[in-house]
Amino acid sequence: MALLISKKCINCDMCEPECPNQAISYDGVITVIDPARCTECKGHYDRPTCIDVCPIDCISVDPAHVETEEQLYDKFVALHGDLLIAKGAV
């Protein structure tokens, strides 16, 4: 599942630099997560780093974007396949 930032967000910018998929950005009003790029950090970390660094706990699972572990990993490979090939991981 992709993650979602709630309206409680204070736009502190703690999460954006932590995202290994560049899925988090400020849209001019609020910080948002692009579900097409969010893998919940699968392939990078054990837990989503944005959740770990959020000081007000405003990041949760997005019920509108339900994905299996396999789908999240496939998205990771699609986003980072060139890097994985270069490192000889694939």
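The model is predicted; local features need pLDDT of at least 70, side-chain atom pairs count only at pLDDT 80 or more, and totals for chains, interfaces and linings use all residues. Residues are numbered from 1 along each chain as its sequence is written, and side-chain values use heavy atoms, with hydrogens and water left out.

The chain contains two helices and four strands. Both kinds of element are DSSP runs numbered from the N terminus (helices: H or I, at least four residues; strands: E, at least two). Their order from the N terminus is β-β-β-α-β-α. The C-alpha trace spans about 40 × 25 × 25 Å along its principal axes.

Contacts are defined by heavy atoms within 4.5 Å. Of the contacts with a separation of 6 or more, 67% join residues 24 or more positions apart. Buried residues make up 33% of the 90 residues. Buried means under 20% relative accessible area, exposed over 50%, and partly exposed in between (1.4 Å probe, protein chains only). The accessible surface (Shrake-Rupley method, 1.4 Å probe) comes to about 5600 Å², and 55% of it belongs to carbon and sulfur atoms.

Lys and Arg count as positive, Asp and Glu as negative; His and the chain ends are not counted. Three salt bridges are found in the whole structure. Each requires a side-chain nitrogen of Lys or Arg within 4 Å of a carboxyl oxygen of Asp or Glu. In one, the closest N and O atoms of Glu-69 and Lys-42 are 3.3 Å apart. Glu-69 lies in helix H2 (residues 69-87) and Lys-42 in the loop between S3 and H1, so the pair ties together parts that are 27 residues apart in sequence. Glu-69 is exposed at 53% relative accessible area, whereas Lys-42 is buried at 18%.

Asp-52 pairs with Arg-47 at 2.6 Å, N to O. Asp-52 is partly exposed, at 46%. Arg-47 is also partly exposed, at 45%. Lys-75 pairs with Glu-67 at 3.0 Å, N to O. Lys-75 is buried, at 11%.

Glu-40 sits in the loop between strand S3 (31-33) and helix H1 (49-53). Glu-40 is buried but has no salt bridge. Its nearest side chain of opposite charge, Lys-42, is 4.9 Å away. Beyond neighbours within four places in sequence, Glu-40 contacts Met-1, Ala-2, Leu-3, Arg-47, Pro-48 and Leu-72.
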